[in-house]
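Keep the structure open beside the text and look up each part as it comes along.

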Amino acid sequence: MPITFLQQSLLWGLFALSIPIIIHLLNRKRFRTIQWAAMDFLLKATRESRGKKKLKYILILTARALAIAALIFAIARPLAGGFLSWGGAQIDTVILILDRSPSMEQIDDNENISKRLTAIKSVQSSLKSLNNPKLILIDSASATAQSIPSPDALNELSATLATDTKASIPTLISIAIDYITDNALGRTEIWLASDLQKSNWSPDDGRWDAARAGLVDLPQKTTLRIISMASAITDNVATRILSATRLENELSLEIEIIRSDTNTTASIPITYSINGSRSSETVNFDGQNYQYRKNLSLGDKQGEGYGYITTPTDANPRDNVSFFAYGDDLPAKTYLISEDGESKAWLSLASAPPGLNHNECITLSPPLADQINWAQATLIIWQAALPTGSVAKQIIDYLEDGGALLIFPPNGESETSFMGIQWQDLRTSARGQYFVIDDWNRSDGPLRNGNEGVGIPASKLKALKRRVIDGELTTLATWDDDQPFLTRKIVGDGTIIFATSLPNYAWSNLADADVLLPVIQRMIRLGDLRFSSAFSAIAGSSSTQLTDGEIRSRIDQYLDSKSSNAPYEAGVWRLGDRLVATNRPASEDEWLVLDQNSLNVLLEGTQFSLFEETKGSESLVKEIWKVLLITMLVFLITEAMLCLQPKAGDPKLKT
Amino acid sequence: MKYDFLDSEALARLGAMPLEARQAMTGSVAGRHRSPHRGSSVEFAEYRKYVQGDDTRRLDWKAYARSDRYYIKEFEADTNLRAYFVIDASASMGFSAADEPRIQFARKLAATLSYLIINQGDAAGLSICQEKIHLEIPPTRKAAQLNNILDVLAKTKPTGETGLVEALHTIAEKTNQRALVIIMSDLFCDTDKLTDALQHLRYRKHDVAVFHLLDKQEVDFDFERPHRFIDMEDQTSVVAEPALIADDYRNAMQHFLNEVKTACHNVRADYHLITTNQSYEKIICDFLSMRLPKKGRK
């Protein structure tokens with residue numbers, strides 16, 4: 001265990017170790033002379049006392065010297081704890097990088113306060129032990145450096161409060177490096193307080209190369225000390241709203257529950273709050289994750305609304321809530337661009353089937369595609385030659401904005417190209433045989449299993465004809481000859497799905513609705529997110545920032561916010577005319593942490609040390625002068641016991 | 001008083017206490033001490049059968065009347081005591097750490113006892129023993145003997161090595177009549193040889209009393225710092241750290257004391273271990289008290 005000293009100059013006092021030895025040698029020189037009669041006994045005693053007596057005397061001298069050493073070490077104010085290496089006490093500036101992500105709000109079992117507060121407490125105590133060097137704070141939410149007048153001020157700053165924002169550790173380290181480079185700070189150390197959550201550290205992030213190089217290239221030797229708060233996460237349940245979609249007078253919430261303990265069946269009470277009305281239910285599930293859909297009635301309420309769902313307080317209260325907001329009831333408009341024929345009818349029917357009054361399908365012929373109301377389009381189904389020109393550009397803009405596009409092959413040959421993708425030859429199955437779906441992605445894409453685990457009967461699909469598609473696409477379902485049936489391309493926030501056959505009796509039985517209906521309805525749901533997403537944002541992201549003339553005010557009643565910390569907190573906000581529900585990023589609910597080996601790889605070549613959080617530890621460094629004083633006392637007692645002569649009784653009494 | 005080792009007040013206090021011999025003495029004149037011979041004292045000793053030649057005046061006619069047999073009635077004989085003071089005058093007797101020199105303490109004891117002995121009509125003699133000199137004043141009952149003894153005591157200077165063992169053998173050889181031999185020494189000599197000498201005295205039926213004189217510092221060995229110790233008899237020296245050797249020194253001293261005590265007990269000598277910080281008057285008082293005959297005896 002490395003030990004450092006606050007008063008290293010006092011260690012010169014170790015030369016005092018020689019005092020007892022010098023006194024001993026002087027005493028040996030300064031003897032008295034005495035005439036003695038009982039010389040025989042004296043000579044005999046002198047002969048017998050050599051050896052064991054000398055050893056005893058050496059032990060006495062050693063105990064005296066060690067007692068002095070312990071005293072010197074004690075007044076030199078030694079620090080222990082492994083956080084600082086030799087000389088670590090001579091620090092001019094400490095740059096504290098504080099992870100304020102929601103995962104840092106997990107309650108520390110020992111301290112009964114959050115990991116963030118525990119880290120702050122440890123840092124305060126350590127800085128006091130180090131005679132309060134200059135302190136610079138870089139918090140993960142604002143990612144800016146600010147000078148802190150004293151460690152005690154850390155408790156009062158909004159820059160140290162809890163947030164619902166992500167922490168980008170490589171970015172924060174780079175900011176610290178830039179600050180050191182731009183300012184003359186003297187001997188500086190970077191202290192990084194984090195729970196080592198993998199999603200925050202982003203070990204695959206390209207910015208790590210720059211951060212590593214920056215640490216190595218700093219003009220003065222700078223040590224990165226990581227205050228790890230990476231204790232195991234237990235007894236925690238996180239809740240998250242994946243989507244909030246308004247369907248006429250109902251709000252459909254897609255909810256995910258994540259828990260840390262998986263050994264038993266979870267029975268978790270969920271409270272739904274919408275526009276001030278509350279309801280609750282208990283959700284039971286096995287495993288770590290559970291997704292379900294909850295429809296909440298809006299009654300007669302028109303226009304915008306908001307709410308949140310909560311789970312009971314647990315190890316991390318910060319991830320027990322998820323907020324949502326929604327806008328006016330807008331119909332799901334599907335624009336079907338199709339050539340005439342059987343396919344057009346089936347596609348139109350699957351887009352707006354009877355009974356789903358919320359859905360509306362507007363059919364346009366390919367030349368009229370520019371009449372699409374892009375702002376209102378939930379889904380665009382394109383069954384024609386691939387778009388080109390201005391329409392293609394408008395479609396790309398629509399996709400970038402989060403739109404959904406479902407493309408079917410044209411009836412005839414087509415040589416047009418869209419985003420590098422082209423339809424190729426028409427393939428026909430052998431006489432008396434069909435192309436059948438052999439494999440499809442059951443967890444992702446339009447053919448994924450339902451929430452209850454029920455699969456789409458895609459294997460019922462049989463095709464006589466199909467077209468081969470050419471381009472860089474992700475395959476979601478394949479025919480039995482390994483050629484793709486469904487493929488996907490992501491463009492901006494939008495999604496394109498290509499189907500390689502048509503709902504036409506001459507092509508396939510896609511019109512039987514076993515496959516077509518769920519695919520189109522899921523695509524409509526996907527496209528609908530474009531509208532609901534305007535009401536949701538990640539806490540701290542650019543869309544939560546105020547624009548000119550906007551004023552921020554919190555309108556949910558879940559918590560109060562300090563105005564300076566409001567941009568980084570989850571909640572339902574009125575930003576000028578906008579209504580936005582902000583939540584923590586999904587990555588905060590991934591509780592994987594970096595291990596020591598990963599850390600070694602990530603910071604290879606840099607000078608860093610890892611300080612693990614220990615039970616009951618208030619400070620990263622501890623003054624151990626009390627221990628040394630006790631040690632000195634032990635040595636003095638030892639010396640006294642060795643010096644104590646068993647007092648020989650008066651010989652006369654023994655005669 | 002002329003002699004600094006003689007205290008008249010102490011003599012006055014001790015004057016009433018007689019010095020008794022613990023065994024029969026063979027003196028030259030009648031005295032207060034038992035004799036091994038039958039004599040004319042008033043104390044009945046025993047009856048024995050009349051043999052031819054006995055003085056008929058000593059026949060016990062009353063016994064003859066009762067038993068029709070002739071018995072001679074014998075009485076104890078009382079005689080005087082002859083005391084020899086054997087004083088070790090080797091250099092080690094000059095040792096003093098905190099108290100007065102050992103030789104001075106011996107002078108006080110010898111002078112006071114001599115006064116008491118001569119004063120009660122017994123004979124006192126003195127033997128000063130050193131390595132090469134063995135000065136001896138034969139015991140007599142004359143009043144002038146006390147001055148002789150005191151003069152010699154006053155002039156005695158501790159020097160050289162001890163001649164105690166040789167002196168004791170000489171006294172044992174030369175003194176035919178039973179005597180009380182009072183030895184005053186530190187006994188720093190070969191213990192086996194000392195034992196032989198004491199047994200020699202005992203063989204010659206002398207009553208032996210040993211005053212073993214030691215300084216308290218010699219017993220306790222209580223020093224604070226290193227010392228150079230110089231032998232008072234042969235001037236050899238040794239530098240020692242008292243803290244280191246004190247235990248072993250004390251053990252050696254204790255062993256020596258045990259040996260001396262055992263040797264004295266074996267010869268039924270009257271042994272007194274004395275440290276020179278004690279009161280000599282009390283020591284003499286105890287010595288005289290212990291020698292008083294038990295109740296029932298004279």
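## A four-strand sheet to start with

Chain A holds an open sheet of 4 strands in the order 28-31-30-29, and the pairing in this sheet is mixed. Strand 28 and strand 29 (552-554) of chain A sit at the edges with a single partner strand each, so one side of each has no neighbour in the sheet. On average, neighbouring strands of this sheet are turned by 35° against each other, direction ignored. Before going further, keep in mind that this is a predicted model.

What does "mixed" look like here? Start with strand 31 (residues 578-583) of chain A. Strand 28 (residues 536-538) of chain A pairs with strand 31 of chain A in the parallel sense, over 3 bridges. On that side, A:A537 has A:T582 of strand 31 as its bridge partner. Strand 30 (residues 571-575) of chain A, by contrast, runs antiparallel to strand 31 of chain A, and 5 bridges join the two. Two of the pairs here are A:W573 with A:V580 and A:R574 with A:L579.

Is strand 31 of chain A mostly covered or mostly open? Mostly covered: 5 of its 6 residues are buried. Strand 30 and strand 31 of chain A also make a hairpin, with 2 residues between the strands. In that hairpin, A:G576 takes a positive phi near 65°.

## Another sheet, and another hairpin

Now go to an earlier part of the chain. Here 4 strands of chain A form an open sheet in the order 12-11-14-15, and the pairing is antiparallel. Strand 12 (277-285) and strand 15 (321-326) of chain A are at the edges; each has a single partner strand, so one side of each is left without a neighbour in the sheet. From one strand to the next, the twist averages 20°. Within this sheet, strand 11 (residues 266-274) of chain A and strand 12 of chain A run antiparallel and are joined by 9 bridges. If you want one pair to look up, A:S267 stands opposite A:N284 in strand 12 of chain A.

Strand 25 and strand 26 of chain A form a hairpin with 4 residues between them, and A:D482 in the turn has a positive phi of about 70°.

Here are some of these strand pairs side by side:

| Strands of chain A | Direction | Bridges |
|---|---|---|
| Strand 28 and strand 31 | parallel | 3 bridges |
| Strand 30 and strand 31 | antiparallel | 5 bridges |
| Strand 11 and strand 12 | antiparallel | 9 bridges |

Time for some helices. Helix 8 (residues 342-351) of chain A packs against helix 10 (residues 516-532) of chain A at an angle of about 55°, with their axes 9 Å apart. Helix 8 and helix 10 of chain A are therefore oblique to each other, and their crossing is right-handed. Who does the touching? On helix 8 of chain A the contact is made by A:W346, A:A350 and A:S351, and on helix 10 of chain A by A:L516, A:L517 and A:I520. Sorted by class, this contact has 5 nonpolar residues, 1 polar residue and no charged residues.

## Where the chains meet

How many residues does each chain give to the contact between chain A and chain B? Chain B gives 32 residues and chain A gives 28 residues. On the chain B side, the elements that give two or more residues are helix 7 (216-220), strand 8 (227-231), strand 9 (237-240), helix 8 (242-266) and strand 10 (270-275) of chain B. Helix 8 of chain B supplies the largest share of that side, with 13 residues. The chain B side divides into 19 nonpolar, 4 polar and 9 charged residues.

Strand 2 (residues 32-36) of chain A pairs with strand 8 of chain B in the parallel sense, over 5 bridges. Within that pairing, A:T33 stands opposite B:R228.

## Stepping back

Finally, look at chain A as a whole. It has 13 helices and 33 strands, and 39% of its 655 residues count as buried. Among the contacts in chain A with a separation of 6 or more, 76% are between residues 24 or more positions apart.

How values were computed: Residues numbered from 1 in each chain as written. Chains lettered and ligands numbered in written order. Predicted model: local features only at pLDDT ≥ 70, side-chain atom pairs only at ≥ 80, totals over all residues. Contact = placed C-beta atoms within 7 Å. Nonpolar A, V, L, I, M, F, W, Y, C, P; charged D, E, K, R; others polar. Pairing = 2+ DSSP bridges. Axes fitted to C-alpha atoms, helices over the stretch in contact; angles between N-to-C directions. Parallel < 35°, antiparallel > 145°, perpendicular 65-115°, else oblique. Left-handed = near helix turned anticlockwise from the far one by under 90°. Buried ≥ 20, exposed ≤ 12 C-beta atoms within 10 Å, placed from the backbone.
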